[in-house]
Amino acid sequence: MGASSFTLKPLSCCLLLCLLAFLTLLASFAAAETHYHEFVVEAKPVKRLCRTHNTITVNGQFPGPTLEVRNGDSLAVKVTNRAKYNVTIHWHGLKQLRNPWADGPEYVTQCPIQPGATYTYRFTIQDQEGTLWWHAHSKWLRATVYGALIIYPRLGTPYPFSMPKKEFPLLLGEWWDRNPLDVQRLAQFTGGAPNVSDAYTINGQPGDLYRCSKQGTVRIPVESSETILLRIINSALNQELFFTIANHRLTVVSADASYTKPFTTRVIMLGPGQTTDVLLTADQPPAHYYAAARAYQTAQNAAFDNTTTTAILEYKSAAACDSKKAKFSAPVLPSLPAYNDTATATAFSVQIKSPSQVQIPTQIDENLYFIVGLGLINCTVPNSPRCQGPNNTRFAASMNNVSFVFPKTTSLMQAYYNGIPGVFTTDFPPVPPVQFDYTGNVSRGLWTPSRGTKLYKLKYGSSVQIVLQDTSIVTTEDHPMHLHGYHFYVVGSGFGNFNPRTDPAKFNLIDPPLRNTIGTNPGGWVAIRFVADNPGVWLMHCHLDAHLVLGLAMAFVVENGNGPLQSVIPPPADLPQC
């Protein structure tokens, strides 16, 4: 009797703990909410740099509204298009499990929402938390149609770091003193490079260093000694950016909505599409300090916007002191890296790692090698106004020498789901069709890509490795590559040509970072791995929109697995038609 009661106590205790854990899990799911939002896309007057433009906005806001949800929540976002352009909305970094219909890239997973029409994006946040964002994914509308998407942990689940006193989203953007779509149209007509932006912005404001901009400069109020969380998003259209805050150190705790091993730095670098969460402690003498961002430029001999955008970190005691004196003390300006400081950008990026050991695919089913970069198309008519690229050519871009052509009569996903022939082929090359010294002196005969709508098929559950290799065709450059529908582990990177015999031995298979957007080193490569467990058609492309429209993209077809839980859900009834 005594012996049996001795064994029952720990068993009952174990059952009680299991029951409590189950109830906690059940409560977290029960607490999940469905958020309903309306996005009205329309032109509104926006004044920047002394001039007012009819700017495409969401709900009259620039940037658009911040969406705040929790892990496990669902969203229904009704988009009404009152603009004169077709539009779609992409939820950048959301996995959209089995639901490509909500992903948003124009002519890839949906036809665009035409002027006067509506479409409701319905999706659920599944095992993701951190900072993401949403943006238009049609032409250059992304220049002004974007906003933050903040995913908090489930109720009762803390951050894996000390709770900050306050949080601030900071969206870094670009501003053109003209209609961005006119800039795109002109470049597509001439075949030359597009005009660069006239300003960078923080939360839509250029800041003190630009004309007619001081009054709108963003202010970040802090109390001495408190720690705040800054959610930094590079929503610029075509530019990687350095960011820093004068005299303060930034502790990186998350990137692309995946927690990282914390590390401290003076400066961060973000490619378009990337997000970085940092903790900042107000440990300096009370004053005003500039937060500043400017270009990280890797393309050689290419024009770029060399201006600097600023916000102000404002200690409240310093602000109160200034108000008594009726005088504003000049903010402290930080030192930023040189525009072409690849050493600083690389030193920052390689520090980003997962918080602990992760499970990496080691048995690779699909070993892919994609070269990415620019190209040139020769013109048959000399001195044509449509051939204003280098030496009377037109700019192009490609992956594995295929310049991607988006369909116009239906979307790739609709064609795949409904078995519509003639829209795409599945013969995208797994390796470059012609091997050469990718980062050396490339023969001019290899500069012209072919054009096509070529996809690559992946079996459900296959383990995939992709090496993304930059080339020196036209110029070496850091291309921020984004894969829709997935996060991936960045297992390695380097400069020069990837060596399949020696470089894999240096891969980080312990704690590599989990990203949704990653840059190719200029004149180098980056290696990523993921498991193809999300069926559908998923775009992979350079997140410099100037390169996307030139064809620097491809798409994967991930086949259905077994049963409904491994298959694409049916399309919604209101899916737009072309």
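Is Lys316 buried, partly exposed or exposed? I looked it up in this predicted model. Lys316 is partly exposed, with a relative accessible area of 36%.

**Entry on Lys316 and its partner**
I found that Lys316 forms a salt bridge with Glu223, with 3.7 Å between the closest N and O atoms. Lys316 belongs to helix H3 (residues 316-325) and Glu223 to the loop between strands S11 and S12, so the pair ties together parts that are 93 residues apart in sequence. Glu223 is also partly exposed, at 38% relative accessible area.

**Entry on other salt bridges**
I searched the whole structure and noted 17 salt bridges. One of them joins Arg231 to Glu167, the closest N and O atoms being 3.0 Å apart. Arg231 sits in strand S12 (residues 227-234) and Glu167 in strand S9 (residues 166-175), so this pair links parts 64 residues apart in sequence. Arg231 is buried at 2%, whereas Glu167 is partly exposed at 26%.

I then checked Lys459, which forms a salt bridge with Glu559 at 4.0 Å between the closest N and O atoms. Lys459 lies in the loop between strands S24 and S25, and Glu559 in the segment after strand S32, so parts 100 residues apart in sequence are tied together. Lys459 is exposed at 59% relative accessibility, and Glu559 is partly exposed at 21%. I also noted that shared partners join Arg51, Asp177 and Arg211 into one salt-bridge network.

I placed Thr190 in helix H2 (residues 180-190). Thr190 counts as buried because its relative accessibility is 10%, under the 20% cut-off. Its contacts beyond four places in sequence include Pro385, Cys387 and Arg394.

I placed Ser349 in helix H4 (residues 342-349). Its C-alpha atom is 7.6 Å from that of Met269, 80 residues away along the chain.

How values were computed: Residues numbered from 1 in each chain as written. Predicted model: local features only at pLDDT ≥ 70, side-chain atom pairs only at ≥ 80, totals over all residues. Heavy atoms only, no water. Helix = DSSP H or I, 4+ residues; strand = E, 2+ residues; numbered from the N terminus. Buried < 20%, exposed > 50% of the residue type's maximum accessible area, 1.4 Å probe, protein only. Contact = heavy atoms within 4.5 Å. Salt bridge = Lys/Arg side-chain N within 4 Å of Asp/Glu carboxyl O.
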